[in-house]
Amino acid sequence: MNDHYVRELKNIRITLIFLTIIVAFVSGGSGNVTIDPMDDGGYNVYPQASYSNMVDMGNGHFGVLSGSTDLSGDETFKIYYYDREKDELIFKKETMLSDLE
């Protein structure tokens, strides 16, 4: 009875080896690589992302610098005040980062 299981496992192992060889030959020989030319004069376009950074200014004041990674210069700086007694966040001022320079 034990010989029956051993023989069946051997048949399964041989079948798996043949399937692995067939899949390796079929998938390996038909790959084509195409290269798309860039028509933008060599300028690579990278994905743009937005960001936001918090800056502690002390005495309950903090600033949030936000913008995008493209070089458009539209970064903004917002100043907030947190009042601990009232548990309230107060917006103070918003300015463009280019105006601060």
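A: Tyr80 counts as buried, at 19% relative accessibility (buried is under 20% relative accessible area, exposed over 50%, partly exposed in between, with a 1.4 Å probe and protein chains only). This is a predicted model, in which local features need pLDDT of at least 70 and side-chain atom pairs count only at pLDDT 80 or more, while totals for chains, interfaces and linings use all residues. Residues are numbered from 1 along each chain as its sequence is written, and side-chain values use heavy atoms, leaving out hydrogens and water.

Q: How are the rings of Tyr80 and Phe91 placed?
A: Their centres are 5.4 Å apart and their planes stand at 65°, so the pair is edge-to-face. Rings of Phe, Tyr and Trp (its six-membered ring) pair if their centres lie within 6.5 Å; planes under 30 degrees apart count as stacked, over 60 as edge-to-face and the rest as tilted.

Q: Which strands does that pair link?
A: Tyr80 lies in strand E3 and Phe91 in strand E4 (residues 88-96), eleven residues apart, so the pair links distant parts of the chain. Strands (E, at least two residues) and helices (H or I, at least four) are DSSP runs, numbered from the N terminus.

Q: Turning to the backbone, what is the phi of Asn59?
A: Phi of Asn59 is near 55°, a positive value in a residue other than glycine. Asn59 is found in the loop between strand E1 (50-58) and E2, and is exposed at 74% relative accessible area.

Q: And where is Asp87 found?
A: Asp87 is in the loop between E3 and E4. It is not a glycine, yet has a positive phi of about 50°. Asp87 counts as exposed, at 57% relative accessibility.

Q: Where in the chain is confidence lowest, and where highest?
A: Confidence is lowest in helix H2 (residues 97-100), at a mean of 74, and highest in E4, at 89. The chain has a mean pLDDT of 78, and 66% of its residues reach 70 or more; pLDDT is the predictor's confidence in each residue, from 0 to 100.
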